[in-house]
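My entries follow in the order in which I made them.

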Amino acid sequence: MITPDLNQKSANIADPVLKVSNLAVSFGRGRYLAVRGLDFDLNQGEVVGLVGESGSGKSMTAFSLMGLLPFGAALDSGSVIFQGRELTTLPPKERRSVCGLHMGMVFQEPLTALNPVLTIGDQVSEIFRYRMGYSKAQAQKMAIELLGQAGLPNPASTLKNYPHRFSGGMRQRVVIAMALALSPQLVIADEPTTALDPTIAAQVVLILKTMSEQRQTAVLFITHNLRLLTGLTSRVLVMYAGLIVEETKGDFSDPLHPYTRGLMNALPPLPSSGQSKRLAPIAGHPLSPDERLNGCPFEPRCPERLGVCATVCPPLTEKSGYGRVRCHLYYHA
Ligand SMILES: Nc1ncnc2c1ncn2[C@@H]1O[C@H](COP(=O)(O)OP(=O)(O)OP(=O)(O)O)[C@@H](O)[C@H]1O
Ligand code: SF4
Ligand SMILES: [Mg+2]
């Protein structure tokens with residue numbers, strides 16, 4: 001097991017690894033609201049899902065945690081406390097250093113994370129040589145051990161090859177291995193299996209789960225595919241129009257929010273169930289990023305809306321023994 005001593009700033013083990021408060025991101029000088037104020041935390045070694053429709057702000061959340069917002073995007077407000085340190089006010093160089101050592105990221109398309117003109121060996125060994133100061137031989141040994149843990153069949157020969165020689169699933173295993181190489185406290189995986197077929201996706205998820213468990217690394221797992229989260233996550237954050245509307249159990253049992261229930265109803269039955277059902281898509285369209293919030297963001301599409309819903313956005317409220325939900329059906333001021 002690779003457990004480098006990173007001389008990290010000590011944080012109380014009981015504190016969350018990551019604590020995010022009121023995070024808001026916009027484009028076009030505040031005109032387009034991508035993320036409208038998120039509050040959540042992640043504990044050590046915990047795998048938490050982040051789900052929501054396309055455009056709900058999942059990737060912008062991920063990028064803002066890593067300090068990697070694209071050109072034109074700005075952090076309007078919020079605090080990101082990682083291992084007891086506020087990241088949003090750190091000088092860029094210091095933030096890069098903290099994120100480089102203690103956070104990892106896995107993207108949807110592994111080719112974007114791998115350099116096509118360097119061998120896998122050069123790219124994996126480099127982490128140990130330049131981040132940890134190991135010799136070339138030591139770094140290569142570590143790289144072989146790491147790729148073996150990621151389930152690559154012949155790690156020593158894998159090192160000599162270039163990324164294009166491998167399938168998407170194998171490349172994603174390499175990227176996951178690289179993200180977890182230094183046993184970071186947090187890995188953010190943004191749709192890491194969307195480009196893979198279902199059987200390969202399941203294998204890749206299992207590798208991520210096993211490797212993160214071994215290292216006690218917390219994972220924020222972003223996906224469209226609710227089925228992938230079964231057995232993987234302890235909690236799931238459901239995003240809608242740049243807000244968390246529900247924090248529910250990892251197995252999605254008893255969802256409360258009408259949007260989460262709509263997502264569940266829209267899932268096709270598992271082939272193994274032998275059942276057939278008519279899919280029930282959620283009617284209407286999500287809030288556009290240039291629309292301001294007058295009431296509940298889901299109100300125009302909600303089959304259970306109340307009179308108050310069009311004018312008052314409900315707060316995200318704790319439900320004892322359950323999680324949190326943002327809905328007037330459960331909120332009594
Ligand atoms: N460069 C940009 N300029 C303006 N708006 C943008 C830009 N990039 C993203 N957005 C907007 O920010 C919002 C959030 O985008 P984000 O990429 O975080 O969504 P997402 O939930 O990750 O979607 P997907 O599931 O499709 O990956 C979207 O409404 C999107 O249109
Ligand atoms: S607050 Fe109202 S409109 Fe929004 S989800 Fe709940 S019931 Fe529906
Ligand atoms: Mg995205």
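I began with α4 and helix α5 (residues 136-149), which pack at an angle of about 115 degrees with their axes 8 Å apart; helices here are DSSP runs of H or I with at least four residues, strands are runs of E with at least two, and both are numbered from the N terminus. The axes are lines fitted to C-alpha atoms, for helices over the stretch in contact, and the angles run from 0 to 180 degrees between N-to-C directions.

I noted that this is a predicted model, in which local features need pLDDT of at least 70 and side-chain atom pairs count only at pLDDT 80 or more, while totals for chains, interfaces and linings use all residues. Residues are numbered from 1 along each chain as its sequence is written, and chains are lettered from A and ligands numbered from 1 in the order in which they are written.

I found that α4 passes α5 in a right-handed crossing (the near helix is turned clockwise from the far one by less than a right angle, and anticlockwise for left-handed). On the α4 side I listed Gly121, Val124, Ser125, Phe128 and Arg129, which meet α5 residues including Lys136, Ala139, Met142 and Leu146; contact requires C-beta atoms, placed from the backbone, within 7 Å. By class, this contact of α4 with α5 has seven nonpolar, four polar and two charged residues, where Ala, Val, Leu, Ile, Met, Phe, Trp, Tyr, Cys and Pro count as nonpolar, Asp, Glu, Lys and Arg as charged, and the others, Gly among them, as polar.

Next I took α4 (residues 120-132) with helix α7 (residues 168-180), whose axes come within 9 Å and cross at roughly 15 degrees.

I then followed α7 to helix α8 (residues 198-215), where the axes come within 10 Å and cross at roughly 15 degrees. This crossing is right-handed. From α7, Gly169, Gln172, Arg173, Ile176 and Leu180 meet residues of α8, among them Ile200, Val204, Leu208 and Arg215. The contact of α7 with α8 divides into seven nonpolar, four polar and two charged residues.

Which residues lie closest to ligand 1? I read off Ala34, Ser54, Lys58, Ser59 and Met60 as the closest of the 14 that surround ligand 1, a residue being near if its C-beta atom, placed from the backbone, lies within 6 Å. β2 (32-42) and α1 (58-66) each supply at least two residues of this shell, and α1 gives the largest share, three residues. The shell around ligand 1 has six nonpolar, seven polar and one charged residues.

Around ligand 2 I again looked up the shell, in which Cys296, Cys302, Arg305, Cys309 and Cys327 come nearest of the 14 residues. Its classes are nine nonpolar, two polar and three charged residues.

How values were computed: Contact = placed C-beta atoms within 7 Å.
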